[in-house]
Amino acid sequence: MTRPAPAGSLRRRGLQPVQVLAGLIGVVYLAIGIIGLVITGFGGFGDATHSTLWLFSINPLHNIFHIVIGLIGVLMALTSTMARVYGWLLLAVFGVLLLWGLAITGVFAENPVEGLGNPFALNTADNWLHLGTALLGLVLAVMPARKKVVETRGEQPGPVSDTGPTGADDSARGTRRHAPGRRMWRRGAAH
């Protein structure tokens, strides 16, 4: 049984750009993790120095972390709300990893995580990657919806314009409003 949407609630239709970006980030991290596991195998699971993938230091634990982040990204890209949550997750997780990597690589005068070691085999190139990923997470988290907006009234959903469901001219703003049931696309949205 489906529950009717509350009167006046808004839903977004179609594949949102935030979903595409979250899916792409997930696929890239999934690929990096799989390629890294091919290079490192499972030996020396949490060693501080193991192998490199281009400029990035990797070990099996780091690769499995990338695979998990990639899988979460692909799954959370299924809805725009979950894609935004994935953005906040990336910002938080990679922000912490960035701070940890900066401490390990000697950017801070005193290393507060010295006792924890370097189980992810982090280096300076990893710090730059983690900074970029944290910033991409922030972009995902605050990215606005870009597709058609649908206003639902009780049990009869129908597409309406962003300005309202009436068919009257709003001459003060120079816009035309459309009656319920007529398709109205946002300016600049793909058809």
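User: Over which residues does pLDDT stay under 50?
Analyst: This is a predicted model, and the mean pLDDT of its chain is 80. Residues reaching 70 or more make up 69% of the chain. Where pLDDT is low, predicted coordinates should not be read in detail. The stretch with pLDDT under 50, for which the model has 35 contacts beyond four places in sequence, is residues 160–171.

User: What distance does helix H2 reach from its first C-alpha to its last?
Analyst: H2 covers residues 60–76, which is 17 residues. At 1.5 Å a residue, 24 Å is expected. The model comes close to that, with a reach of 24 Å.

User: Which elements do the buried residues of H2 pack against?
Analyst: Buried residues of H2 include Phe65, Ile67, Ile69 and Met76. Pro60, His62 and Asn63 are also among them. Their packing partners are helix H1 (17–40), strand E3 (56–58), H3 and H4.

User: Is isoleucine 72 buried or partly exposed?
Analyst: Isoleucine 72 lies in helix H2. Buried would require under 20% relative accessible area. The residue has 28% relative accessibility, so isoleucine 72 counts as partly exposed.

User: Which residues is isoleucine 72 in contact with, leaving aside neighbours within four places in sequence?
Analyst: Leucine 30 is 42 residues away along the chain, and its C-alpha is 9.4 Å from that of isoleucine 72. For contacts, the cut-off is heavy atoms within 4.5 Å. Beyond its sequence neighbours, isoleucine 72 is in contact with Tyr86 and Leu89.

User: How far apart are the end C-alpha atoms of H3?
Analyst: H3 runs over residues 80–104. Its 25 residues should span 36 Å at 1.5 Å a residue. The model agrees, because the end C-alpha atoms are separated by 36 Å.

User: What covers the buried residues of H3?
Analyst: Among the buried residues of H3 are Tyr86, Leu90, Phe94 and Trp100. Ser80 and Arg84 are buried there too. Their cover includes H1, H2 and H4.

User: Which residue just after H3 takes a positive phi?
Analyst: The position follows directly on H3. Its phi is about 90°. The residue is glycine 106.

User: Which helix gives the largest share of the nonpolar patch?
Analyst: The surface patch consists of Trp88, Trp128, Leu131, Leu135, Leu138 and Val142. Together they have about 610 Å² of accessible area. Tryptophan 88 belongs to H3. The largest share, 5 residues, comes from helix H4 (residues 124–142).

Conventions: Residues are numbered from 1 along each chain as its sequence is written. This is a predicted model: local features need pLDDT of at least 70, side-chain atom pairs count only at pLDDT 80 or more; totals for chains, interfaces and linings use all residues. Side-chain values use heavy atoms; hydrogens and water are left out. Patches are made of residues with over 30% relative accessible area and no salt bridge: like charges are joined within 9 Å, nonpolar side chains (Val, Leu, Ile, Met, Phe, Trp, Tyr) within 5 Å. Accessible areas come from the Shrake-Rupley method with a 1.4 Å probe; for residues, only the protein chains shown count as cover. A salt bridge is a side-chain nitrogen of Lys or Arg within 4 Å of a carboxyl oxygen of Asp or Glu. Helices (H or I, at least four residues) and strands (E, at least two) are DSSP runs, numbered from the N terminus. pLDDT is the predictor's confidence in each residue, from 0 to 100. The expected span of a helix is 1.5 Å times one less than its number of residues. Buried means under 20% relative accessible area, exposed over 50%, partly exposed in between (1.4 Å probe, protein chains only).
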